[in-house]
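Subject: The structure for you to look at

Hi,

Here is the structure I said I would pass on.

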Amino acid sequence: MTKWCETCDRPVEGEVCEVCGNPIGSPTPEPMPLRWKFFVVATAIYLVWRLYQLIVWLTH
Ligand SMILES: [Zn+2]
């Protein structure tokens, strides 16, 4: 599994960076894509809107 050296900003094969000598801990987690964040927000807004409509429908 390829790890990432934050100091050199390059992939590292193994536990220690061969350029700067820093020990590499866990691989850098992938940042959440902006499109996925937008999808989650849109889904949340849609669900709140549907819930609002359900409440309006139930109370009438
Ligand atoms: Zn390095």
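To start, what percentage of the 60 residues in the protein do buried residues make up? It comes to 3%. Keep in mind that this is a predicted model. Its mean pLDDT is 88, and 92% of the residues reach 70 or more.

**The overall layout**

Helix α1 takes in residues 34–58, 25 residues in total. From its first C-alpha to its last it reaches 36 Å, close to the 36 Å expected at 1.5 Å a residue. Is α1 largely in the open or buried? The number of buried residues among its 25 is zero, so α1 lies largely in the open. Confidence is highest in α1, with a mean of 96, and lowest in strand β1 (residues 3–5), with a mean of 87.

**The strands and the loop between them**

Look for D9 in the loop between β1 and β2 (10–12). Most residues other than glycine have a negative phi. D9 is not a glycine, yet its phi is positive, at about 60°. D9 has 7 C-beta neighbours inside 10 Å, and because a residue with 12 or fewer is exposed, D9 counts as exposed.

Then go to P11, which sits in strand β2. Which residues is P11 in contact with, once you leave aside its neighbours within four places in sequence? They are T2 and W4. P11 has 13 C-beta neighbours inside 10 Å, so it counts as partly exposed. Now try picking P11 together with Y52: they are 41 residues apart along the chain, and their C-alpha atoms are separated by 49 Å.

**The loop between β2 and α1**

V16 is in the loop between β2 and α1, and with 13 C-beta neighbours inside 10 Å, V16 is partly exposed. If you set aside the neighbours within four places in sequence, V16 is in contact with G21, P23 and I24. V16 and K3 are 13 residues apart in sequence, with 9.5 Å between their C-alpha atoms.

P33 is in the loop between β2 and α1 as well. Does P33 count as buried or exposed? P33 is exposed, as 9 other C-beta atoms lie within 10 Å. From P33 to C5 there are 28 residues in sequence and 21 Å in space, C-alpha to C-alpha.

**Putting it together**

Key:
Residues numbered from 1 in each chain as written. Predicted model: local features only at pLDDT ≥ 70, side-chain atom pairs only at ≥ 80, totals over all residues. Helix = DSSP H or I, 4+ residues; strand = E, 2+ residues; numbered from the N terminus. Expected span 1.5 Å × (residues − 1). Buried ≥ 20, exposed ≤ 12 C-beta atoms within 10 Å, placed from the backbone. pLDDT = per-residue confidence, 0-100. Contact = placed C-beta atoms within 7 Å.
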